[in-house]
Amino acid sequence: MSQFAINVLFVGGSFAIYIGIAIWAKAGSTRDFYVAGGGVHPITNGMAIGADWMSAASFISMAGIIASAGYGASTFLMGWTGGYVLLALLLAPYLRKFGKFTVPEFIGDRFYSKSARMVAVICLIVASLTYVIGQMAGAGVAFSRFLEVDATTGLIIAAIVVFFYSVLGGMKGITYTQVAQYIVLIVAYTIPAVFISLELTDNPIPPLGLFSDHSASGEPLLAKLNEVVTALGFNEYTAMVDNKLNMVLFTLSLMIGTAGLPHVIMRFFTVPKVADARWSAGWALVFIGLLYLTAPAVASMARLNLVTTIYPDMAAQVENYEDAAANPIAYADRPDWIRTWEETGLISFDDKNDDGRIQLYNDAADFSDRGWQGNELEVSNDILVLANPEIANLPGWVVGLIAAGGLAAALSTAAGLLLAISSAISHDLIKGAINPKITEKGELRAARISMSVAIVVATYLGVNPPGFAAQVVALAFGIAAASLFPALMMGIFSKRINNKGAIAGMLSGLIFTLVYIFVYKGWFFIPDTNNLPDTEANWVLGISPLSIGAVGAILNFAVAYMVSSVTEEPPQEIQDLVESVRYPKGAGVAIDH
Amino acid sequence: MADDKSKAAAYWKANLRLITGCLIVWALVSYGCAILLRPLLAGIPVGGTDLGFWFAQQGSILAFIGLIFFYAWKMNRLDKKFGLGE
């Protein structure tokens, strides 16, 4: 069977499973549509959260970023997992006890203010829409590489599949497809990693392999990697970063942002009890951890594999790295996987010194004494995971599995985001503000229509990505960290924060964060409208626009506290509401009233 | 009623103490051991590199998982002790 046929079989098979689940789990009520009926087991929910959370960025891009940045990219590993501690301790159990359908609904009720609810709706839609475009684009890449269709056709196929199971099944359909998608993506991610770990370190468990000895050289893997990359002028893989303040704030922004993203919080509304919300956060992190513990191993091993493919003399024990680096492979002898990926443009070669050999090294270093006139091989971070099975010479079915896994990661996250957007529109905007008298049937129809519109918009933006698509991390996490997380946390842990304080806090956190991002990245991400170049020398106190969400969050807390303390106390019934949210007793299933 | 109220207040206080403790550990493993205190831990070798690197790419994630289960387990006991569970 050809590789193409295998890929079609794996991707088509996984899609058939998702559609089968959707038909089985059709939503009959708004409760089914928004919270899957409220009876999801915590382990099931944990798995669904895992798929919901792990996006195309986690599956396709993260290991590549770690491979090129080494220790510095640990920010993503800690930031995207540490947020679950905040969720489990500070938000999820209390929001579950509150027992409503959406995040803006809690903010609106707790701060007895429609304006607060609308601010939350806008934050939610901007953050989720930015995020969903990235997923659609990721799905497009997977389609064009593995199914030999162009990205647009691939996107439309993906959109139809998502449309089918999310519009039909709502949260109920999405929950059970996400469980299936989790299994597909984790199997696809770990199988190649196990084989590569065995090959390089004789240890079948990749996270252990990372800290084991490299079999070919007998040295510890990371020590070997450090020697190999420094011989080519790169920084040591494990080198400490200089700007510790920025690393701390970036990690903090990702953690707070993770905890404040509505599509993740919503998943906690689906479990029967408050205690289940706590357990499902733990299970979610176990399932997420399986991938996040494997990723750094994949990263370092793929980096080592890449370098030793180009410089075979570096593969085993090396007496003199200077000599080993003098002998890169000839371009004509490059392995097949480089040829395949050259066709996608994600690997490119430019023979700058016309010697027919591939020089791969840090362009900032000067190796003119070796006759090198610049780095000749550009490798996109995004290919490492997708090319992994080919680099390790694994059989064709593993390649098919990776294709299905990448699509599962992108589609499961897209579905969760689309549900968050559609419920904000049908429940918070239409039922909450425009037409409160809408019937349940009418609301369910509105939810399905807004979901369909959201899919069409996301697909259009996926095909024609706007400037802000590449800024998912800055924009979505910045907004969630600076506006939503502090409002939710203060709503639970303080009885004193009133409507004025909350709105002032959310707006100041949001505006401050957006302005800081726009100053460096361009106003509304329009190229060349930035006021200052986006380089470390220009950042205030060395804080990058990616890390500013944490500062925005602190500002939000401070403003909300100050404004509340000079204005009146919240009314008694609101203080009673806060009180009731704090104790698990008497939590019904998520209700609509 | 007054008894219920003081019981609820005690429950909330115990919860806040538990949260504070867990968040101290949370910050210590990530911002502490993995970033700010890494130079201090540089002398402790782990698989070809140092303990700080291990915390940054593995240890903190394991600690986060442990923390959430620990908190969920402790809270279940608190819910029962104060009779505020479901």
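Student: Which domains does the domain assignment of chain A give?

Tutor: Domain bounds come from an automatic or database domain assignment. For chain A the assignment gives domain 1 (3-302 + 392-465) and domain 2 (305-384). This is a predicted model, in which local features need pLDDT of at least 70 and side-chain atom pairs count only at pLDDT 80 or more, while totals for chains, interfaces and linings use all residues. Residues are numbered from 1 along each chain as its sequence is written, chains are lettered from A and ligands numbered from 1 in the order in which they are written.

Student: How many residues of domain 1 of chain A are in contact with domain 2 of chain A?

Tutor: Two residues are in contact if their C-beta atoms, placed from the backbone, lie within 7 Å. On that criterion, 21 residues of domain 1 of chain A meet 19 residues of domain 2 of chain A. On the domain 1 side, helix H4 (56-69), helix H7 (114-146), H10 and H13 of chain A each give two or more residues. H4(A) has the largest share, seven residues. Helices here are DSSP runs (H or I, at least four residues), numbered from the N terminus. The centres of the two domains, taken over C-alpha atoms, are 34 Å apart.

Student: Which helices of chain A supply residues to the side that touches chain B?

Tutor: The contact joins 42 residues of chain A to 38 residues of chain B. Helix H5 (74-98), helix H10 (221-231), helix H11 (244-260) and helix H13 (274-310) of chain A each supply at least two residues of the chain A side. H13(A) gives the most, with twelve residues. By class, that side has 28 nonpolar, eight polar and six charged residues. Ala, Val, Leu, Ile, Met, Phe, Trp, Tyr, Cys and Pro count as nonpolar, Asp, Glu, Lys and Arg as charged, and the others, Gly among them, as polar.

Student: Where does H13(A) bend?

Tutor: The bend at a residue is the angle between axes fitted to the seven residues ending there and the seven starting there. H13(A) bends by about 30° at A:Gly289. Its 37 residues reach 54 Å from first C-alpha to last, close to the 54 Å expected at 1.5 Å a residue; the expected span is 1.5 Å times one less than the number of residues.

Student: Is A:Ile133 buried or exposed?

Tutor: A residue is buried if 20 or more other C-beta atoms, placed from the backbone, lie within 10 Å of its own, exposed if 12 or fewer, and partly exposed in between. A:Ile133, in helix H7 of chain A, is buried because 26 other C-beta atoms lie within 10 Å. H13(A) is mostly covered, with 33 of its 37 residues buried.
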